[in-house]
Amino acid sequence: MPAADAKAGTTSRLQGKGGRIMTGAQEHGSRAYAVTISLAAALGGLLYGYDTAVISGAIGFLKTLYGLSPFMQGLVISSIMIGGVIGVAISGFLSDRIGRRKVLMTAAVLFAIAALVSAVSHDVTTLILARIVGGLGIGMGSALSVTYISECAPTQIRGALSSLYQLLTIIGIFLTYLTNFLIQRSGNLAWDVHTGWRWMLGLGAVPAAIFFFVLLFAPESPRWLTKAGRSDEAFSILARINGHSVAQRELESIRQSLESESAASVRDLLKPGWRKALAVGILLALFNQIIGMNAVTYYGPEIFRMVGFSLNSDFEIQAFFGAMWVVFTVVAVVLIDRVGRKPLMIVGSALMAIFMALMGLTFYLHVHNGFWLVLFIMGFTAAFSVSMGPIPWIMIPEIFPNHLRARAAGIATIFLWGANWAIGQFTPVLLNNVGGSYTFWMFAVINVLGVIFVSVLVPETKNRSLEDIERIWMGGSGETAAAAEARSATRQHKFLP
């Protein structure tokens with residue numbers, strides 16, 4: 001071939017959609033770019049993690065300052081979940097209209113405002129209202145962060161990238177435990193009661209500002225862009241993530257999925273196939289919350305004090321648990337696309353049932369040696385961190401079709417936040433009325449039910465594209481998981497660093 005023809009042939013091979021010249025990174029895709037934009041969305045987990053942990057440090061001081069009853073303690077903690085339910089309820093509809101990215105940025109602004117108002121509040125009513133506004137932001141972010149990642153991530157690393165949300169959530173929890181510990185040690189008890197908790201709550205504006213700033217540089221979801229008729233923009237992003245040839249196939253697959261029904265409606269989720277997907281999504285959301293982890297997270301200091309720990313030591317123990325939680329969530333990121341979602345959830349739920357039963361036994365036998373309680377909570381936390389902690393967040397967006405994903409994930413997350421509210425509201429009532437033993441045994445039974453649910457109803461989504469997963473519910477080609485994995489492997493492509 002003449003040199004000129006060879007050069008022309010090379011140029012032709014590197015031309016993208018519309019005749020654009022593709023660089024080497026665009027031709028093969030960039031793993032670094034995929035990770036970067038996934039991290040941008042996953043930073044929403046910092047907000048969720050901060051709020052989950054910060055109130056456990058503040059609630060004891062608020063109880064002393066305002067003389068809170070067990071019910072009012074629950075209301076202060078659970079008020080943010082009221083906003084969360086509203087946030088997830090509207091997130092799907094908003095994001096379908098204006099895009100995932102803009103809704104996530106709005107969520108960051110709402111949480112920052114709520115954190116600052118909480119810090120300067122001087123009565124319980126203002127504090128509760130501020131936390132409802134903060135919940136509105138966190139709810140919107142929790143519903144859309146993983147949805148955004150799942151719509152951008154390459155198939156073979158989608159699980160690992162989606163689990164970044166949970167990892168950032170746990171990092172947020174750890175940093176908040178550490179911050180609570182340092183603030184609590186900065187003054188005496190009187191200072192903590194009147195001022196320390198304000199710093200704890202007000203510093204929540206920091207992760208919100210970071211989240212907002214990073215999103216300024218993130219692209220919109222290519223699947224949302226395609227749905228909005230902006231296919232050229234979608235192709236450009238897909239090409240940068242996956243490479244030119246894979247981007248063309250991805251874009252065509254997205255189009256076919258979106259064209260399967262001319263108009264998306266929530267009623268579509270009641271059609272055969274999607275009914276089961278919706279039920280599985282809702283149950284995944286419920287089991288993420290009702291298995292007992294948040295009871296320990298929200299009321300950890302109170303639980304530790306029930307078995308004789310001092311004020312200083314319970315904050316230190318929580319900081320330690322936060323660090324351990326981070327470590328085992330990293331383990332989940334490594335295992336999620338290797339072992340698979342379903343095996344991790346089954347084993348993790350079984351272990352959590354055992355550790356919850358042992359925690360209940362500790363209270364039943366009146367064991368006042370805190371070593372055993374700490375040991376069992378460590379085991380429970382480790383099992384949760386590699387199973388029912390991150391995986392429901394990953395699978396809920398995965399199991400729904402493109403044209404229903406945001407709304408369906410929003411519906412499932414409403415149940416997640418509703419369950420979160422119930423745990424926050426009624427855990428102190430349960431601990432006060434029925435005691436630690438029966439409270440933790442109740443959670444043990446729920447974990448056993450979780451094992452049964454995952455074993456019977458939850459499909460494996462490892463190494464399946466989002467479009468392949470749609471076919472699971474509709475009967476599709478009837479291919480086995482092994483066949484789907486083999487077919488998916490043929491679409492593997494090389495990334496440039």
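Biologist: In which helix is the place of I132?

Modeller: This is a predicted model, and in it I132 belongs to helix 7.

Biologist: How should I read the exposure of I132: is this residue buried, partly exposed or exposed?

Modeller: One reads the relative accessible area against two cut-offs, with buried meaning under 20% and exposed meaning over 50%. I132 has a relative accessible area of 23%, so this residue is partly exposed.

Biologist: Which residues does I132 touch, if those up to four places away in sequence are not counted?

Modeller: I132 touches S79, I80, I82 and G83. A further pair to inspect is I132 and V76, which are 56 residues apart in sequence and have their C-alpha atoms 9.7 Å apart in space.

Biologist: Let me turn to the whole protein. How many helices and strands does the protein have?

Modeller: There are 23 helices and zero strands. Of the 497 residues in the protein, 59% are buried. Among contacts with a separation of 6 or more, 83% come from residues 24 or more positions apart.

Biologist: Which residues of helix 3 are buried, and what covers them?

Modeller: The buried residues are Y33, A34, I37, S38, A40, A41 and A42. Their cover includes helix 4 (44-66), helix 7 (124-152), helix 8 (158-184), helix 10 (205-215) and helix 12 (231-242).

Biologist: What describes two packed helices?

Modeller: Two values are used: the angle between the axes and the distance between the axes. For helix 3 and helix 8, the angle is about 40° and the axes are 9 Å apart. Helix 3 is therefore oblique to helix 8. Their crossing is right-handed. Helix 3 contributes A34, V35, S38, L39 and A42 to the contact, and helix 8 contributes L161, L164, Y165 and L168. By class, this contact has eight nonpolar residues, one polar residue and no charged residues.

Biologist: At what angle do the axes of helix 4 and helix 7 cross?

Modeller: They cross at roughly 160° and come within 10 Å. Angles over 145 degrees count as roughly antiparallel, and helix 4 and helix 7 are therefore roughly antiparallel to each other. Helix 4 passes helix 7 in a left-handed crossing. On the side of helix 4 the residues are G44, L47, Y48, D51, I55, L62 and Y66, and they meet V124, L127, R131, I138, S142 and S145 of helix 7. The classes in this contact are eight nonpolar, three polar and two charged residues.

Biologist: How does helix 4 pack with helix 5?

Modeller: Helix 5 covers residues 70-98; its axis is 10 Å from that of helix 4, and the packing angle is about 155°. Helix 4 and helix 5 are therefore roughly antiparallel to each other. The crossing in this case is right-handed. D51, I55, I59, L62 and K63 of helix 4 meet Q73, V76, I77 and I80 of helix 5. Six nonpolar, one polar and two charged residues form this contact.

Biologist: Where does D337 lie, and is D337 buried or exposed?

Modeller: D337 is in the loop between helix 16 (311-335) and helix 17 (341-364). Its relative accessibility is 14%, so D337 counts as buried. Leaving aside neighbours within four places in sequence, D337 is in contact with Q156, I157, R158, G159, A160 and K462. For D337 and G159, 178 residues apart in sequence, the C-alpha to C-alpha distance is 5.7 Å.

Biologist: Why does N294 count as buried?

Modeller: N294 counts as buried because its relative accessibility is 9%, whereas the cut-off is 20%. N294 has its place in helix 15 (residues 293-306). Apart from neighbours within four places in sequence, its contacts are Y48, T52, Q289, Y299, N420 and I423.

Key. Residues numbered from 1 in each chain as written. Predicted model: local features only at pLDDT ≥ 70, side-chain atom pairs only at ≥ 80, totals over all residues. Heavy atoms only, no water. Buried < 20%, exposed > 50% of the residue type's maximum accessible area, 1.4 Å probe, protein only. Helix = DSSP H or I, 4+ residues; strand = E, 2+ residues; numbered from the N terminus. Contact = heavy atoms within 4.5 Å. Axes fitted to C-alpha atoms, helices over the stretch in contact; angles between N-to-C directions. Parallel < 35°, antiparallel > 145°, perpendicular 65-115°, else oblique. Left-handed = near helix turned anticlockwise from the far one by under 90°. Nonpolar A, V, L, I, M, F, W, Y, C, P; charged D, E, K, R; others polar.
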